[in-house]
Amino acid sequence: MIRVIIPGPLQALAGVEREVKLDVAGVVTQRSVLDALEAEYPKLRGTIRDQVTQTRRPLVRFFACGEDVSHDGMDAPLPGEVASGKEAFYIIAAIAGGLGRGPQDGHPVALGGAIQWEGSASMSWVIWASVL
Amino acid sequence: MSDVRVLVGTRKGAFVLTSDGNRQRWSVDGPHFGGWEIYHLKGSPVDRDRIYASQSSGWFGQQIQRSNDGGKTWEAVGNKFAYEGVPGTHQWYDGKPHPWEFKRVWHLEPSLDDADAVYAGIEDAALFRSGDGGKSWEELAGLRGHGSGPRWQPGAGGMCLHTILLDRSNPGRMYIAISAAGAFRTDDAGKTWKPINRGLRSDFMPDPTAEVGHCVHRIAMHPSRPGVLFMQKHWDVMRSDDSGDSWHEVSGNLPTDFGFVIDVHAQEPETIYVVPIKSDSEHYPPEGKLRVYRSRTGGNEWEALTKGLPQQDCYVNVLRDAMAVDALDKCGIYFGTTGGQVYASADAGDNWKAIVRDLPAVVSVEVQTLQ
């Protein structure tokens, strides 16, 4: 059983709790976890990875055992602690800062700086400055 | 007496405002989808309780929401917008080719005769259609296939298809507008498209009268006269009397002809409304006075409508999808501001009152007249 931590806005969208549990067949990778997640909760399709390209959204990151595994590749095996359910697989949304566009009028909107931290079972933390 | 339902999209959620036909006392319901950008909501003309909403987020992408009970409850439907074939490239800000990439849905236009059919105008600019209530979406690829697509370029707000006008008298005819490509028309239900930008002049372009590249902000049409179109361009208020084949300027005595919204009175097809904005770098009303301008002559001669609107220290913007009219007599006019106010006039613009003052920045306003 894989444990997945869902970011707040997606909990409301999909009607799920912060942590969901999934059965994942075969090698436990980002792709197989997301496949299982989207199959169980179809409303999450397109929210974590692009519907067409299947690539991770730029302001979404993946953490496992206190490490940022976002760039490890969709098909890289996740740590054994995640595969065994001892540790959760974290899907994290940036507290995004930097420069965004105001809708419909095209004016840049400064959103301020950004720090994100997220506790895991091992109490690791991450500081992450991001650009929207 | 008819009731009125105003659908408001904001940067942090959707709101549903309702009143009886007197339009003096309003109830405010929301936010729906709190924290998400709601670029647009619009109800079906066939089924008043069927409403479509575009919900998006810089983090989590695009959702399409559908309500079957007038906005009380919502259901996420299909959000897969895949361009047909190899998307190709358009121009980027620096003039270099840039691949077409889906970003968000700017505008949803429900069909005039089928509650399950709805069009979506998206960024990067393309037109999609759903025939199953929003569950699945298919591109009307003839628009991007027109041949001018590689020359389209984003405006400062992105390369968005923001206006979709359906012609009740001619089911095959549809108008769309893109920033910054211009206006296009189809006469065969979206299979083929023609740019309709003759008469537009955009001095920022190397060729100011080019076939495409114009930053059209909004087009409006009265259903009884579908060949007459009114346009708020980046600069210039324009009019066409031949279904867009040619345009002429009707800015007349406006204090500035920059702006975003334009709309037509429900019963008087020559009465039109704009909200002048100072300039493309100063997105607020001139002199800090929020004024709607009305022309009863289809343009050129404009009068300022100010009663009930702030006439000092007002520096909000009114975005392109943020004005609408109801179908009552007298015609109600509604608009929302980036300061979070939604203003209503129950007498065609003579007097205004804020329905609500402190919403998140308003992106879109639509009105349903509930018979």
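Start by selecting B:V8. Leaving aside neighbours within four places in sequence, B:V8 is in contact with B:A14, B:F15, B:L17, B:G336, B:V342, B:L359, B:V362 and B:V365; two residues are in contact if their C-beta atoms, placed from the backbone, lie within 7 Å. What you have open is a predicted model, in which local features need pLDDT of at least 70 and side-chain atom pairs count only at pLDDT 80 or more, while totals for chains, interfaces and linings use all residues. Residues are numbered from 1 along each chain as its sequence is written, and chains are lettered from A and ligands numbered from 1 in the order in which they are written.

A residue is buried if 20 or more other C-beta atoms lie within 10 Å of its own, exposed if 12 or fewer, and partly exposed in between, with C-beta atoms placed from the backbone.

**Chain B as a whole**

Now show chain B on its own. Its secondary structure comes to zero helices and 30 strands; helices (H or I, at least four residues) and strands (E, at least two) are DSSP runs, numbered from the N terminus. The radius of gyration of chain B is 19 Å, close to the 21 Å that the globule rule gives for 371 residues, so chain B is as compact as a globular protein of that length. That radius is taken over C-alpha atoms, and the globule rule is 2.2 Å times the number of residues to the power 0.38. Along the principal axes, the C-alpha atoms of chain B fill a box of roughly 50 × 45 × 40 Å. Of the 371 residues in chain B, 54% are buried.

**A hairpin and its neighbour**

Next, select residues 51-57 and 61-67 of chain B. These are β5(B) and β6(B), which form a hairpin with three residues between them. Seven bridges join the two strands, which run antiparallel; two strands pair if DSSP finds at least two bridges between them. Look for B:Q55, whose bridge partner in β6(B) is B:Q63. How many of the seven residues of β6(B) are buried? Seven of seven, so to speak a mostly covered strand.

**An open sheet**

Move on to β26, β27, β28 and β29 of chain B, which form an open sheet in that order with antiparallel pairing. The edge strands are β26 (323-325) and β29 (353-356), each pairing on one side only. Neighbouring strands are turned by 25° against each other on average, direction ignored; the axes are lines fitted to C-alpha atoms, for helices over the stretch in contact, and angles run from 0 to 180 degrees between N-to-C directions. Zoom in on β28(B) (residues 342-345), joined to β29(B) by three bridges. There, B:A344 stands opposite B:K353.

**A charged residue inside**

Pick B:E139, in strand β13 (residues 138-139) of chain B. Why does B:E139 count as buried? Because 21 other C-beta atoms lie within 10 Å. Not counting residues up to four places away in sequence, B:E139 touches B:Y83, B:E84, B:A126 and B:F128.

**Over to chain A**

Show chain A, with its three helices and seven strands. Along the sequence the pattern reads β-α-β-α-β-β-α-β-β-β. Buried residues make up 30% of its 132 residues.

Select helix α2 (residues 30-40) of chain A, where A:Q30, A:S32, A:V33, A:L34 and A:L37 are buried. The buried residues of α2(A) pack against β1 (2-5), β2 (19-22), β3 (60-64) and β5 (89-93) of chain A.

**Where the chains meet**

Finally, bring both chains back: 23 residues of chain A are in contact with 27 residues of chain B. On the side of chain A that touches chain B, α1 (8-14) and β6 (98-101) of chain A each supply at least two residues. Of these elements, α1(A) gives the most, with three residues. The residues on that side divide into eleven nonpolar, seven polar and five charged. Ala, Val, Leu, Ile, Met, Phe, Trp, Tyr, Cys and Pro count as nonpolar, Asp, Glu, Lys and Arg as charged, and the others, Gly among them, as polar.
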